[in-house]
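Please find below some notes on this model for a colleague who has not seen it before. They go point by point, from the whole chain to single residues.

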Number of protein chains: 2
Amino acid sequence: MARNTTVQADTAAPPVTEQLAAFVAEHPSLGWSEKVEHQARRTFANWVGCAVGPAEHDAVRCALAAVQELAPAPQATLLGRRERVDLANAALINGLSSHTFDFDDTHLKTIIHPAGPVAPAALALAEHLERPGRELLDALVIGIEVACRVGNAVYPDHYDRGWHITGSTGMLGSAAACARLLRLDRQQTQMALGIAASQPVGLREQFGTMTKPLHPGAAARAGLMAALFARHGFTASRRALEAPRGLLQVFSDKTDWREITEGLGETWEIALNTYKPFACGIVIHPSIDGCIQLREQVAAADIERIVLRVHPLVLELTGKRTPQTGLEGKFSVYHSCAVGLLHGRAGEAEYADAVVRSPEVIALRDRIVAEPDGTIDEAGCHITLTTRDGASRTLRVEHAIGSLERPMSDEALTRKFVDQAAPVLGAARAEAAAAAAFSIGGAADIRTLLEACVPQR
Amino acid sequence: MARNTTVQADTAAPPVTEQLAAFVAEHPSLGWSEKVEHQARRTFANWVGCAVGPAEHDAVRCALAAVQELAPAPQATLLGRRERVDLANAALINGLSSHTFDFDDTHLKTIIHPAGPVAPAALALAEHLERPGRELLDALVIGIEVACRVGNAVYPDHYDRGWHITGSTGMLGSAAACARLLRLDRQQTQMALGIAASQPVGLREQFGTMTKPLHPGAAARAGLMAALFARHGFTASRRALEAPRGLLQVFSDKTDWREITEGLGETWEIALNTYKPFACGIVIHPSIDGCIQLREQVAAADIERIVLRVHPLVLELTGKRTPQTGLEGKFSVYHSCAVGLLHGRAGEAEYADAVVRSPEVIALRDRIVAEPDGTIDEAGCHITLTTRDGASRTLRVEHAIGSLERPMSDEALTRKFVDQAAPVLGAARAEAAAAAAFSIGGAADIRTLLEACVPQR
């Protein structure tokens with residue numbers, strides 16, 4: 001027991017924990033438009049592909065080795081791997097894997113990667129409970145709604161303070177999705193959200209280490225366990241989110257409760273979700289997009305010089321002139337544009353060490369100049385390409401492919417899935433898995449998808 | 001990727017993550033005085049008793065039911081229960097149990113309950129690894145040092161903001177203890193602390209619900225897993241604690257780095273640990289202590305009136321005049337003093353519902369008056385007792401029994417252990433468990449203790 005000092009408490013907050021719980025427990029299945037449902041399919045499929053791709057990455061191997069020290073029961077599938085672990089650890093590992101390449105979805109309003117903490121928890125629980133794809137997809141939409149609305153309420157203060165918002169709101173999304181799949185009632189769901197509220201995960205300081213992708217994984221696990229605890233009668237504060245010492249006031253100075261309550265059940269955050277066409281930071285996507293467009297007009301061998309005019313942040317974040325490794329390549333607008341011009345893409349394969357060190361890529365990279373220009377919007381760029389014959393052409397990108405304004409097509413998302421999954425699963429299984437992921441909402445049994453996501457060896 | 005806005009960052013912080021890691025990995029076994037070692041034994045034994053006592057409490061039952069949905073491997077002992085679970089979940093359940101009665105140890109400088117997150121993780125891991133008691137006790141001392149020093153660095157701002165500091169620093173103590181038991185080197189230990197840093201647990205808003213004791217349990221689990229991850233090569237920021245976006249600057253405005261570095265390895269926070277003689281908030285301990293002293297002078301039947309003069313906080317926090325349940329009794333200075341006068345103690349048994357409703361207790365309770373007095377120190381109280389014959393006597397308590405100035409004796413701690421454990425284990429096993437707990441540092445095999453802590457049925 002201690003002093004009652006409270007820092008600038010807002011004691012008049014609406015009962016958002018209860019309101020969210022009612023929404024999670026009671027909103028009807030498929031209670032949204034076909035447009036929203038379409039985004040749900042895309043979000044899910046994009047996430048599965050992103051989780052399969054890094055299945056053999058060191059981060060996944062290390063985490064799995066640690067988890068195996070617990071001798072977990074083989075309850076649930078690990079995407080892209082043959083081992084099985086208990087459902088909580090499956091949520092953790094699949095969540096970690098899906099964020100390892102930083103290639104997953106982005107809710108641009110908050111920079112939350114919303115599927116990361118929600119989808120793996122829902123998937124593991126749906127597998128264990130043998131729930132149909134419809135319930136899984138409902139849980140995904142609803143879980144993402146909860147995490148993103150809480151994110152909207154605290155962004156940007158919470159993020160600026162140093163929290164990795166994907167993990168620090170994600171445990172609420174995971175708890176919501178799992179409460180839904182467990183068919184908890186309103187009161188139990190309120191407890192699940194409350195239990196999860198005590199367990200935010202993630203610091204931005206971890207960016208560049210394996211702990212960054214651990215954040216959605218640990219958040220997935222925490223939310224899933226919170227829902228299981230609530231199912232068995234465990235209790236938490238009924239005002240765990242909004243009370244003066246509840247989560248939101250504790251971890252953010254900004255708490256805009258209307259972002260949580262207004263239009264709840266009517267507007268959908270998942271409709272604002274975006275998918276990366278390129279396996280690197282979004283800030284250089286306009287430049288890559290422009291280079292890929294120019295590739296159709298000019299052969300790489302004819303290029304004399306390329307001048308990019310970009311928002312100053314592009315060089316601040318991705319200004320590496322001479323990257324030596326694949327990871328460094330992701331922080332080089334020069335490398336990224338070179339592979340765009342040469343290969344017409346910038347997937348994970350274009351950030352292999354060997355590609356970054358390829359003489360052909362380096363030769364082209366060295367012909368690229370990038371100039372910061374405060375008049376250029378972050379979403380766009382301006383490119384001037386000069387050919388050896390002295391001719392020049394210019395291109396302005398207003399919105400990159402993958403943005404809300406120019407979304408990737410379903411076909412492009414399918415290619416992205418298969419590109420990532422084929423090295424792990426083989427091409428045929430990767431195609432089958434992509435098809436199953438895109439049609440999960442109608443699947444009576446999600447095992448078809450899960451079986452396709454396990455490599456045969 | 002996002003904007004680089006940072007709120008008032010301290011970029012000149014010393015490398016405390018690395019310094020703590022070196023301390024954890026390299027400080028010699030038993031590298032402290034016998035006085036410190038004595039407190040370590042007391043801390044451990046007090047904690048075991050507090051974990052056994054609530055083993056059948058609803059909070060433990062609910063949590064265990066949820067954990068059993070994972071079909072955990074029977075790797076580690078649950079104190080006071082016959083079920084076994086995997087070592088991570090054993091850390092969670094034993095940590096939860098030990099804080100359920102709020103009867104565990106207190107580091108008064110920070111109000112951290114230091115054993116709660118550290119001891120259960122160390123115990124589960126030591127059991128699994130078959131480590132001797134010496135290594136277990138070393139890990140406890142070192143883990144508590146890490147958690148309390150981080151607590152000192154951020155208290156009180158961090159706590160005032162609404163964090164339950166036991167869980168929000170406890171994952172670091174748990175990670176440190178487990179890194180030590182795993183014999184991780186300095187670099188791996190630094191990673192373990194870094195991984196744990198992303199997972200602080202606990203909001204003060206949860207006080208009064210089952211999620212409060214979950215905080216040390218979840219922190220124990222998170223720290224243990226962080227150490228296992230680090231053992232297998234998982235990476236985190238090397239400056240996860242002190243960087244501008246590291247844990248301490250993210251979750252506290254106060255960051256006094258000297259509290260972490262000064263005297264590290266020379267002074268010991270565990271030497272400042274205290275143990276509760278009464279199963280309620282520390283603020284009413286002086287009043288109970290005074291009443292127990294007066295009991296030796298006056299029979300309860302002769303009491304006409306008692307006037308307590310107490311610090312105003314006593315009534316703010318524990319002013320319930322007519323408690324109806326055991327839990328409410330803990331928030332009633334009147335009930336607590338009545339049982340002190342009648343029974344000479346205020347253990348968990350004195351907060352049973354039946355005792356709170358007993359006519360004899362109520363009759364005495366109603367003769368007690370408490371007056372707030374700003375001149376009275378929080379650590380003390382002033383009591384005037386008037387007997388039916390009109391005589392009155394006064395007593396001033398400067399420091400309550402259980403405080404640093406008037407510590408409980410080892411004998412009193414043993415009685416506290418047995419009082420809690422006997423209803424769960426039976427008297428003989430409870431005595432054996434207490435003896436084994438107090439001598440754990442010399443135990444070649446900790447199984448003797450663990451076996452004594454499992455009830456026979």
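1. Of the 457 residues of chain A, 60% count as buried. A residue is called buried if 20 or more other C-beta atoms lie within 10 Å of its own, exposed if 12 or fewer, and partly exposed in between, with C-beta atoms placed from the backbone. This is a predicted model, in which local features need pLDDT of at least 70 and side-chain atom pairs count only at pLDDT 80 or more, while totals for chains, interfaces and linings use all residues. Residues are numbered from 1 along each chain as its sequence is written, and chains are lettered from A and ligands numbered from 1 in the order in which they are written.

2. The overall dimensions come next. The C-alpha trace of chain A spans about 75 × 55 × 40 Å along its principal axes. Its radius of gyration is 22 Å, which agrees with the value near 23 Å that a compact globule of 457 residues would have. The radius is taken over C-alpha atoms, and the globule rule is 2.2 Å times the number of residues to the power 0.38.

3. Chain A has 21 helices and eight strands. Helices (H or I, at least four residues) and strands (E, at least two) are DSSP runs, numbered from the N terminus. Among the contacts in chain A with a separation of 6 or more, 77% are between residues 24 or more positions apart; two residues are in contact if their C-beta atoms, placed from the backbone, lie within 7 Å.

4. How are the two copies related? A rotation of 180° with 0.0 Å of shift along its axis superposes chain A on chain B, with an RMSD of 0.1 Å. The two copies are therefore related as by a two-fold rotation axis. The superposition is by least squares on the C-alpha atoms of residues with pLDDT of at least 70 in both copies. A:Pro72 is the residue of chain A that comes closest to the rotation axis, its C-alpha being at 3.1 Å. The same surface serves both copies, since 98% of the contact residues of chain A recur in chain B.

5. In the interface, 62 residues of chain A are in contact with 62 residues of chain B. Several helices of chain A each supply at least two residues to this side, including helix 3 (58-68), helix 4 (87-100) and helix 9 (186-197). Helix 10 of chain A gives the most, with eight residues. The residues on this side of chain A divide into 34 nonpolar, 19 polar and nine charged. Here Ala, Val, Leu, Ile, Met, Phe, Trp, Tyr, Cys and Pro count as nonpolar, Asp, Glu, Lys and Arg as charged, and the others, Gly among them, as polar.

6. In chain B, four strands form an open sheet in the order 6-5-7-8, with mixed pairing. Two strands pair if DSSP finds at least two bridges between them. Strand 6 (368-372) and strand 8 (392-397) of chain B are the edge strands, each pairing on one side only. Strand 5 of chain B runs parallel to strand 6 of chain B, joined by five bridges, and antiparallel to strand 7 of chain B, joined by six bridges. Six bridges also join strand 7 (residues 381-387) of chain B to strand 8 of chain B, and these two run antiparallel.

7. Some partners within the sheet can be named. B:Leu308 stands opposite B:Ala370 in strand 6 of chain B. B:Ile303 stands opposite B:Thr387 in strand 7 of chain B, and B:Cys381 has B:Val397 in strand 8 of chain B as its bridge partner.

8. B:Leu193 is found in helix 9 (residues 186-197) of chain B. B:Leu193 is buried, because 33 other C-beta atoms lie within 10 Å. Not counting residues up to four places away in sequence, B:Leu193 touches residues including B:Thr17, B:Leu172 and B:Leu241.

9. Some backbone details deserve a look. The peptide bond from A:Tyr155 to A:Pro156 is cis, with omega near 5°, and A:Pro156 is found in the loop between helix 6 (133-154) and helix 7 of chain A. A cis peptide bond also joins B:Tyr155 and B:Pro156, with omega about 5°.

10. Which class does A:Ala71 fall into, buried, partly exposed or exposed? With 14 C-beta neighbours inside 10 Å, A:Ala71 counts as partly exposed. A:Ala71 has a positive phi of about 50° although it is not a glycine. A:Asp102, also not a glycine, has a positive phi near 55°, and A:Asp102 is buried, with 20 other C-beta atoms within 10 Å.
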